[in-house]
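User: I am new to this structure and would be grateful for a close look at a single part of it.

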Amino acid sequence: MARPLSKYSFINAKLRARISKILPGEMFDQLAKASSLDDALALLRETPFAGLEEIYSRTGDLKQAELELLKNEIELYRNIRQYLHHKSMELVDALLTQFEIDNLKNAIRIYFNRKIRKRSDDISIHYILYDRIIHEIPIDIILNAENFDEIAGVCEGTSYSQIIRKYSHTVESEGSLFRMEIAFDHFYYKNLLSSIDKLDKRDRTIALRLTGVEIDLQNINWIIRFKNFYGLPLEAVLAAIVPGGFNLDRAIMDQLYSAQNVTSVLQGFVKSKYPGLSALLSSHTSDSTSRLLLIRRILEEIMKHEVQRILTGYPFTIGIILSYFVLKRNELKKIRIILNAKQLRIQQERIESMI
Amino acid sequence: MIFTTEMIQLFAVVLGKDCERVTETLLREGVMQFINISELEGEKPESLSEIKSEISLTEISDLRKRIEGLLHTGGIIPSKPKETDLNNRISVNIEKEKARLDKISGERESIRERQRTIQQEILKLEDIRRQVELYGVGLSDVTLPAKHSFVSMQVGKLPVLNVKQLEDGLRGLPSLNIAMGQEKDVAHHLLISMKRDNEQIKKILASAGWTRIELPGELRSVKKDVFKELSVKLKTLTDEQKKLEINVNDLVRKEDKRLMEIWGNLRVNELFYKIQTNFKSSSRTVIFTGWLPSAKKEKLTRIIKKACEDRCYLEWNEAGSKGTIGDEVPVRFNNPKILAPFQMLVSNFGIPKYGTIDPTPFVMPLYLAMFGLMFPDVGQGLILTILGALGVSYLRKKEGKEGLYHLSWLGVWCGCSSMLFGALFGSYFGTGLFPPLWFDFHGIISGHGADNSVINDVFDILSITIYFGISVIVLGLIFNWINLIRERKWMELFFDKGSIIGGWIYGGGIYIASYMIAHDYKEFPPGMILFLLIGLPSLLLFIKEPYHFFKHARGQSDRKFNVFTLLNFLMGWIVELLEIFSGYLSNTLSFMRVAGLGIAHVCLMISFFTLAEMTSGIGYVLILILGNILVIGLEGLTAGIQALRLNYYEFFTKFFHGTGNLYTPISLSSSYK
């Protein structure tokens with residue numbers, strides 16, 4: 001059995017160096033202050049994201065640049081994967097599944113809009129990934145499929161096929177992809193947790209905690225969305241919840257669902273589990289948008305807190321890899337938010353509150 | 001040079017009517033680091049208020065940044081304003097300039113919109129092309145599309161008048177509509193589309209009066225290469241995209257002269273108002289204060305007096321004197337340009353506190369000696385020097401690349417040091433081309449050193465670095481004592497880790513170690529000498545804790561002396577002693593890495609020569625070339641990092657705290673990013 005030092009010393013040094021290259025907060029401030037999308041992209045010229053400006057200048061199409069960003073993100077996982085021990089490799093593969101699932105969901109959405117909703121959604125076709133991520137899935141056939149059987153057929157040999165077959169009738173009868181997409185997400189986390197189970201004890205504990213926190217954040221997000229935007233009853237919400245969370249138990253979920261003011265419940269949760277983040281709770285918000293932003297910020301801060309905990313702890317664990325992915329994901333998310341906001345001409349203050 | 005530039009504080013009162021001229025003068029001279037007058041100690045006169053500017057500084061800054069962004073998109077980086085820009089400073093019409101920028105932005109946005117539309121077309125055609133490529137349709141027989149293709153093809157005819165309607169209808173869908181020919185008022189078209197859009201296509205064709213036909217006999221001879229047609233269309237659209245991309249750049253370039261002018265004026269105004277934000281005014285006068293190098297005092301006095309025709313009051317206070325405002329004196333390095341790469345290394349660690357020693361002039365010889373000892377080779381040093389020189393010539397005068405420019409200079413210096421030590425040790429690309437000037441490093445490591453040399457084995461090499469390390473540490477201690485004397489910190493000067501007592505213990509330790517080595521590790525110095533060298537200073541160090549306790553306990557009722565206090569003293573003393581003994585020992589031994597890396601360098605070269613000798617001809621040469629490249633890359637980097645580490649952790653930590661505040665006056669060349 002490889003020792004933690006030999007397993008992680010190289011990747012630890014490599015990723016710590018890369019972490020120092022992640023765009024600093026001031027850069028995001030500058031991007032938010034840029035007077036237009038063109039100006040914001042010009043600011044990225046001296047950074048590893050220079051390619052975005054090149055694509056935008058050539059095409060005038062931000063989505064095209066975003067697609068490149070997504071490809072780079074996938075490449076990043078693949079790049080790190082090659083330096084890892086086989087057990088950690090499996091975990092990175094499980095994380096990569098998320099991109100494959102998202103891409104598959106997008107392809108199925110296009111099919112669904114065309115065949116079931118009878119809506120043309122041709123533009124989205126151009127912003128989908130056709131290349132292999134993990135499995136060889138012919139996206140073209142999915143986009144041009146005549147029915148779900150055909151889609152399930154081309155996904156044969158993957159776990160997606162069963163999910164599609166299981167939920168195709170529900171999707172057709174309900175006229176919504178909701179259950180199928182939730183099933184995909186459940187599969188992603190189940191697969192992730194099972195790859196974590198194969199890790200050594202120390203790695204397992206760290207990975208379970210970080211993934212657990214991520215699941216918590218996902219669940220909190222869903223509870224709020226399902227209740228406020230979809231009006232789902234508590235039982236339906238709880239059925240959709242992903243098991244394996246770290247902090248959220250059934251009681252807190254019930255509380256979150258039934259609370260008039262979700263932020264106050266969340267504040268109580270933060271106070272008990274993350275007292276160090278209590279400064280965040282001093283913000284008082286009145287309108288629902290600000291409240292949602294505050295909720296999102298609290299969730300992000302919790303994740304940041306967990307990452308910080310790992311980065312300052314014992315260095316030779318899987319934690320450094322997972323933390324790097326979280327930090328990188330945040331960086332890319334912020335870039336996407338700012339660039340899209342610039343295209344939509346959203347005010348600087350609003351952008352700042354969004355990042 | 002050893003100490004940072006001497007600074008002086010100016011407190012000035014000028015008449016309100018001279019304020020503008022004085023501000024311009026201060027900006028032109030660019031030597032004052034202002035202190036916001038609100039920091040004035042004591043009671044502030046209520047009559048003092050902010051200077052009211054015609055335009056808000058934020059508005060000017062925002063507009064300047066907006067122009068900067070626009071210029072950046074055209075690949076233009078504005079250069080810092082010059083004195084002529086200040087002389088020609090005019091008031092900024094914010095609204096007018098905003099309108100001008102809005103116009104440019106609007107034009108740019110419409111081009112982007114056009115680009116987006118074309119891109120959608122390109123993507124649609126690429127989609128079709130990809131499908132055709134993937135599923136290989138027999139394009140020569142358009143009536144027989146392949147069974148598994150997602151692409152649908154058909155030939156049909158429609159009234160010529162309806163062609164436009166057809167084209168409009170197909171616009172939103174990925175399709176290729178190719179005119180095949182015309183018979184009177186009827187047009188023959190080949191339409192390629194996606195099967196998934198069949199329902200929509202049918203509707204569009206029906207409304208355009210499309211009739212599906214077999215390819216007419218007379219048109220069969222027209223062998224249209226559909227794939228080529230697709231490529232031609234794509235190329236046309238891509239060319240159009242390129243033109244639009246150039247148009248966006250031209251849009252900025254067309255206006256660049258004017259934009260640069262506005263930018264320069266805005267920047268000057270921004271700096272002008274930034275200076276004035278540090279001013280306070282009464283009904284008739286304006287006051288300001290700030291730091292500048294003492295050497296600039298005479299000149300600044302003269303020009304301020306000239307600007308306000310002697311109607312001013314100027315008060316000068318030396319740093320540290322009672323009249324100064326604020327505690328922190330900014331620090332300005334006082335080194336010749338030649339030391340710039342080493343100053344970069346120092347400031348990377350921290351800025352020296354005002355009045356303390358600036359280690360830059362010492363870092364240069366120490367860093368280079370360490371590097372040379374770890375990487376001694378004339379040939380490899382020469383390559384490093386050439387690479388550094390290339391970097392210097394490429395990066396010279398490149399704005400924003402100053403760090404890399406200095407790094408290139410550092411490469412040149414390190415290369416020269418390698419060459420010097422290479423000549424001393426007789427190493428030329430790992431060969432002994434010429435006899436060594438000092439001793440044969442390679443020979444000693446490979447076991448055939450000259451017998452008549454003063455250095456005969458690896459232990460002798462290691463001892464050189466130990467002596468070197470002792471010198472560096474002692475130098476650091478002396479600097480610490482000088483700093484403490486200058487700061488009048490007498491207690492720290494005598495009773496601390498880096499104090500005179502600390503140095504006494506360290507000196508004692510060195511004597512004891514030398515004595516033991518001289519006596520084959522079998523004998524200690526006599527007891528009395530041991531007591532005087534180690535025991536007495538260790539006992540004296542016990543004074544430190546009680547001194548601090550009684551000094552700070554004065555007036556604090558909760559800090560009473562009891563048995564636990566005594567235990568605390570004892571524990572503090574033991575920990576301090578342990579720190580001194582283990583700290584100095586590890587600091588000194590740390591310098592053995594210099595010899596270690598030098599030995600590793602030689603070993604690597606010996607290995608490459610052994611490998612090369614196992615082959616012959618081109619293989620021999622290739623192995624040696626690759627070996628040298630590897631050694632230069634790997635060892636060069638390692639030696640650079642280790643030399644830096646030794647400076648930072650073994651030398652700087654003895655005396656350098658890096659808590660200073662860098663002198664950043666407001667001038668025309670102030671950084672705007």
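Which residues does B:Gln115 touch, not counting residues up to four places away in sequence?

Analyst: This is a predicted model, in which local features need pLDDT of at least 70, side-chain atom pairs count only at pLDDT 80 or more, and totals for chains, interfaces and linings use all residues. Residues are numbered from 1 along each chain as its sequence is written, chains are lettered from A and ligands numbered from 1 in the order in which they are written, and side-chain values use heavy atoms, with hydrogens and water left out.

Leaving aside residues up to four places away in sequence, B:Gln115 touches A:Tyr56, A:Ser57, A:Arg58, A:Thr59 and A:Gly60, together with B:Gln241, B:Leu244, B:Glu245 and B:Val248; contact means heavy atoms within 4.5 Å. B:Gln115 belongs to helix α4 of chain B, residues 94-135, where a helix is a DSSP run of H or I with at least four residues, numbered from the N terminus. B:Gln115 counts as buried because its relative accessibility is 0%; buried means under 20% relative accessible area, with a 1.4 Å probe and protein chains only.

Two polar groups are reached by this side chain. The side chain of B:Gln115 lies 2.8 Å from the backbone oxygen of A:Ser57, and a polar contact of 2.8 Å links it to the side chain of B:Arg112. A polar contact is a pair of N or O atoms within 3.5 Å; within protein, one must be able to donate a hydrogen and the other to accept it, and residues adjacent in sequence count only if both atoms are side-chain atoms.

As for chain A, 50% of its 355 residues count as buried.

Terms used: Helix = DSSP H or I, 4+ residues; strand = E, 2+ residues; numbered from the N terminus.
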